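Thanks for coming. I will go through one structure this morning, starting from the whole chain and ending with its cores.

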Amino acid sequence: MWRRAARIPGTSRIATWQHGRVTDQAKRFDAFASGYVNYWAPVLAPAVRTLLDELEPLGLEPERILDVGTGTGQLALAALERWPRATVLGIDVSSGMTAVAEAEATRVLGPDGAKRFSIRLTPA
């Protein structure tokens, strides 16, 4: 359930859902990880393409990429498709999201291509 933002008593800070403990965040993302790739990935896809397109004129040919908060791996997988010699290390706090990312890597890149995407379950 979404809560409205509220002031933290005795401070000028605003309390929102992001101020939850990391374990709370992981549980939240674990709960909807399998649906995330179906519902949010298509919404995020244009932003992923735009970001990678913005990097294109720089002539980058990265060998290693770190994807912090990799989630379902959408940015990492798009980068791997764009730069076939690159490898990506994705980190995320949610075991549900990392499981989906691993499955997506195999689906998108095939078993051999998925070897270029390693995922670690850890807070950033």
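What percentage of the 124 residues of the protein count as buried? The figure is 33%, where buried means under 20% relative accessible area with a 1.4 Å probe, protein chains only.

Some bookkeeping. This is a predicted model, so to speak of local features we need pLDDT of at least 70, side-chain atom pairs count only at pLDDT 80 or more, and totals for chains, interfaces and linings use all residues. Residues are numbered from 1 along each chain as its sequence is written, and side-chain values use heavy atoms, with hydrogens and water left out.

The secondary structure is 4 helices and 5 strands, taken as DSSP runs numbered from the N terminus (helices H or I, at least four residues; strands E, at least two). Along the sequence the order is β-β-α-α-β-α-β-α-β. Counting contacts (heavy atoms within 4.5 Å) between residues at least 6 apart in sequence, 59% join residues at least 24 apart.

Now the cores. A nonpolar core is a set of buried Ala, Val, Leu, Ile, Met, Phe, Trp, Tyr and Cys residues joined through side-chain atoms within 4.5 Å. The largest one has 16 residues, and Leu52, Leu77, Trp83 and Ala105 are among those with the most contacts inside it. Helix 2 (41–55), helix 3 (74–82), helix 4 (95–114) and strand 5 (117–121) each supply at least two of its residues. Helix 3 gives the largest share, 5 residues.

Leu80 is also on that most-contacts list. Leaving aside residues up to four places away in sequence, Leu80 touches Ala86, Thr87, Val88, Leu109, Arg116 and Phe117. Apart from this core lies another of 6 residues, including Ala33, Tyr36, Val37 and Ala41.

Key: Buried means under 20% relative accessible area, exposed over 50%, partly exposed in between (1.4 Å probe, protein chains only).
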